[in-house]
Amino acid sequence: MVRTRDLSRCSDEELLELGRTDAQAFGVFYDRHEDALLGWLRRATGQSELAADLSAEVFAVVLSSLERFRPELGTGRAWLFGIARHELAQSWRRGRVEAQARRRLGMEPIALSDEDIERIDRLGSLPGLDSLSLLEALPSEQRAAIRGRVIDARDYEDLAREFECSELVVRQRVSRGLRVLRSLVGQAR
């Protein structure tokens with residue numbers, strides 16, 4: 001009798017390594033992180049359908065890039081969310097979600113039911129707060145700095161030129177704004 005490996009006990013890094021040749025291993029990684037990614041993307045975009053499209057593209061990029069994952073550089077989850085940040089920033093720049101990785105893998109476009117949209121909305125909501133209003137609660141300078149740095153993934157030098165201030169000032173605005181956001185989220189939980 002051949003014993004099969006219990007994939008649920010594998011680390012993310014092991015799942016990504018195994019996922020290069022084992023679809024079930026990648027499926028376990030996907031199941032483990034789907035909700036967190038959808039919730040994060042829903043909060044970042046404010047739209048369930050856009051979050052679902054981005055999530056599908058992110059996982060397609062991850063699947064097609066498994067050979068490039070290097071566990072010595074960080075965790076599987078960090079790698080996943082790094083790709084997600086990149087895809088989100090690219091979608092903002094292009095004004096649309098790219099489907100290139102999904103097309104390469106032959107994936108069909110996703111169709112969301114009302115239940116799917118409600119689920120994504122729940123994943124992206126913060127108890128006691130409208131997640132879309134969190135950023136609006138910040139002073140305009142902090143809000144602009146966080147949008148530029150965190151959402152659009154622009155570098156500090158570029159933002160400093162746009163805001164006509166030093167990089168240090170932009171860094172302080174981002175830091176202060178994130179501190180306020182953490183406090184708001186903490187109060188809501």
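## A chat about cores, a pocket and a helix

Me: Which residues touch the most other members of the largest nonpolar core?
Reply: In this predicted model, the largest nonpolar core has 28 residues, and those that touch the most other members are Leu16, Phe29, Leu37, Val58, Val62, Trp79 and Leu80.

Me: What is Val62 in contact with, leaving aside its neighbours within four places in sequence?
Reply: With those neighbours set aside, Val62 is in contact with Leu16, Phe26, Phe29, Trp79, Leu80 and Ile83.

Me: What does the second, separate core include?
Reply: That core consists of six residues, and among them are Ala145, Leu159, Ala160 and Val174.

Me: Switching to Leu38, where does it lie?
Reply: Leu38 lies in helix H2, which covers residues 23-45.

Me: Is Leu38 buried or exposed?
Reply: Leu38 is buried, because its relative accessible area is 4%, and the cut-off for buried is under 20%.

Me: Which residues does Leu38 touch, not counting those up to four places away in sequence?
Reply: Leu38 touches Ala51, Ala52 and Ser55, and also Arg119, Ile120 and Leu123, when residues up to four places away in sequence are not counted.

Me: How many residues line the second largest pocket, and which lie nearest its centre?
Reply: The lining is made of 16 residues, of which Tyr30, Glu34, Ala52, Ser55 and Ala56 lie nearest the centre of the pocket.

Me: Which elements give two or more residues to that lining?
Reply: H2, H3 and helix H6 (114-124) are the elements that do, and H3 gives the most, with six residues.

Me: What classes of residue are in the lining of that pocket?
Reply: By class, the lining of the second largest pocket has twelve nonpolar residues, three charged residues and one polar residue.

Me: Last topic, helix H8: which of its residues are buried?
Reply: In helix H8, which covers residues 140-151, the buried residues are Gln142, Arg143, Ala145, Ile146, Gly148 and Ile151. One of these, Ala145, is also included in the second, separate core.

Me: What follows H8?
Reply: H8 is followed by Ala153, which has a positive phi, near 55°.

Terms used
Residues are numbered from 1 along each chain as its sequence is written. This is a predicted model: local features need pLDDT of at least 70, side-chain atom pairs count only at pLDDT 80 or more; totals for chains, interfaces and linings use all residues. Side-chain values use heavy atoms; hydrogens and water are left out. Helices (H or I, at least four residues) and strands (E, at least two) are DSSP runs, numbered from the N terminus. Buried means under 20% relative accessible area, exposed over 50%, partly exposed in between (1.4 Å probe, protein chains only). Contact means heavy atoms within 4.5 Å. A nonpolar core is a set of buried Ala, Val, Leu, Ile, Met, Phe, Trp, Tyr and Cys residues joined through side-chain atoms within 4.5 Å. On a 1 Å grid over the protein atoms alone, a cavity is a set of points where a 1.4 Å probe fits but cannot get out, and a pocket is an open set with protein on both sides within 12 Å along at least five of seven lines; lining residues have an atom within 4 Å of a point. Ala, Val, Leu, Ile, Met, Phe, Trp, Tyr, Cys and Pro count as nonpolar, Asp, Glu, Lys and Arg as charged, and the others, Gly among them, as polar.
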